[in-house]
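Subject: Structure handover, aromatic rings

Hello,

Here is the structure I said I would pass on. My notes on its aromatic rings follow below.

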Amino acid sequence: MCGIVGGVTNQDITPLLLDGLKRLEYRGYDSSGLVVLSKKNSLNRARSVGKVKNLEKNLKARQNKIKGNIGIAHTRWATHGEPANHNSHPHISNQVVSVVHNGIIENYLELKDSQIKQGYKFTSDTDTEVIAHAIAFSMKSSNTFLKSVQKAINTFDGSYGLGIVSPKYPNIIIATRKGSPLVIGVGKEGNYIASDQMALLSVTKKFIFLEDGDVAELKLKKITIYDKDGNKVERPIIISKIKEGQVDLGDYKHFMQKEIFEQPQSIRDTLESRITKETVVVSAFGGKANDIFKKIKQIQIVACGTSYNAGLVAKYWLEDIAKIPCNVEVASEYRYRHPLILNDTLFVTISQSGETADTLEALKIAKKINNKIYTLCICNSAESSITRESNLTFLTHAGPEIGVASTKAFTTQLVALALLTCSIGVINQTISKQNEKAIVNGLKLLPSLINETLLQESQIKKLAVRFKDKNSALFLGRGTMYAIAMEGALKLKEISYIHAEAYPAGELKHGPIALIDENMPVIAIAPNDELLDKLKSNLQEVKSRGSQMIVFEDKDSQVKSMKAMEVIQITSNLGRITAPIIFTIPLQLLSYHVALIKRTDVDKPRNLAKSVTVE
Ligand code: G6P
């Protein structure tokens, strides 16, 4: 996700822009840049590929320092056009206007064609450059900066958060958003904009959150906001509760609890700019993704812990939906077993931290075994060792995950893998336009479905009491729900120290059914899918052996509530992609509440580390 920061102050703006960019780094970037309006009213720009510190070095090395009171800056995560200086923001049109952009302009090719005819020269491969030219063009016929922007944005389809400056209007920044986040910071020494309030915490705690379609005019001492119809509006000033520089607990008791409840937002952030109204944005996996996805014949996924469980879900999706063969393996085994790796393999690593030693080593070894393979990592940490080792990177935008037991990283990894499935299917024509649209719509529903599921917390809390004196638990599922059962069992083990095992429900009769008695709680996941009837028979087998059962079901699954069988209805009409993500939530809540009862150290469970960087 791209990051934006900008401001109009009575001080030199450049240090503030750099500080803001650094605070946005965790969101992912491949280049950064800034534009400052100089005292002589010219647009002074600096751009660098890589970390923000490269931009800092670039600025320090200049003889003519970039200084001024008004400026905009950007960290870019490439979607249209490779990571390179010429594609980095801010973009400039004919020295009359400069723009930073977060989002995707879907009709940019159409706009580009007509702007070329109007004589505009393009210097980048981005969709953003059309914004700069469109505003420059409308400035010719509008008598204010604001009107020029209002006119231009009417021609854009897609999503945008924009910061705009012009030497013609040297005291003004225009900010506008539609579908992408943008906040205004109200400060003592000036007024600011950013894509995330984190970027501005050093200068203000007062924020105005723009609504879709709003256009704001920021001056040193005045902010004026207009709604999508051009009416002047007042938006409330909110005092941020975020403590500067620190991810804090807010009103939560534990980071794990907070991170469970953050999932609707982290999924929204992960989807931002990665889907359009009806399609997936394949280039979200990197500029070369399109070409690579065309060439691959099979997929090998390698990961550890929770990230491995995400890979297991993806295997079902990739083979069933995208029709591409897929293997999944834990990295600690893979790295030592001298695997055969065919050419045309997409080697996918999944890692929250991007630093897990086994996963990193498995990746390096795979590249040594066959240097023709393509590599993709799905990672929550922008500048990590694993991202550096991979051809393609998809950053989950879960934000910093502090709790050792992974929650929001897992569900955002699933979102990433769903997008991967859809992208490969679309490119290889194994997924129809209609199916793509259905998947995209399902993904968009996730935040509200998760919020609905989180409402079950009090019911789940009551069930947690049953685990107080238990030493073991069994999790059952079929299909993708087997992988979700594995994740549920892992969560319970990690934070409540109860031995838990997951089994595919159909395999129960081949051994584990011998374990079942009244002391063995069984947790089953029962979505309304093609395996439901088979699962119901498996549940009967368990129940008749006297187990205390908890069943999480779709409202339409109709697993009858029987004695010693607690059935909790989660939600209804879930699809193959949304169901595993939604059914993860009650299992996270269950393990959290069991851990509370057992009074364990929820966020830092014994013997575990957030990121295992040693073997
Ligand atoms: C550790 C953590 C797990 C995590 C695993 C993989 O074991 O305790 O929660 O799933 O590492 O971490 P990664 O950062 O590679 O996803």
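Arg274 lies over the face of Phe394, 4.0 Å from the ring centre. A charge sits over a ring if NZ of Lys or CZ of Arg is within 6 Å of the ring centre and within 35 degrees of the ring normal. Lys112 also has its charged end over a ring, that of Phe122, at 4.9 Å from the centre.

This is a predicted model, in which local features need pLDDT of at least 70 and side-chain atom pairs count only at pLDDT 80 or more, while totals for chains, interfaces and linings use all residues. Residues are numbered from 1 along each chain as its sequence is written, and side-chain values use heavy atoms, with hydrogens and water left out.

There are seven aromatic pairs in the structure (rings of Phe, Tyr and Trp, the last by its six-membered ring, with centres within 6.5 Å; planes under 30 degrees apart are stacked, over 60 edge-to-face, the rest tilted). Phe285 and Phe293 are edge-to-face, because their planes are at 65°, with the centres 5.7 Å apart. Phe285 is buried at 1% relative accessibility, and Phe293 is buried at 0% (buried means under 20% relative accessible area, exposed over 50%, partly exposed in between, with a 1.4 Å probe and protein chains only). Together with Phe394, Phe285 and Phe293 form one aromatic cluster.

Tyr334 and Phe347 make a tilted pair, 5.6 Å centre to centre with 55° between the planes. Tyr334 is buried, at 0% relative accessible area, and Phe347 is buried at 0% relative accessibility.

Regards
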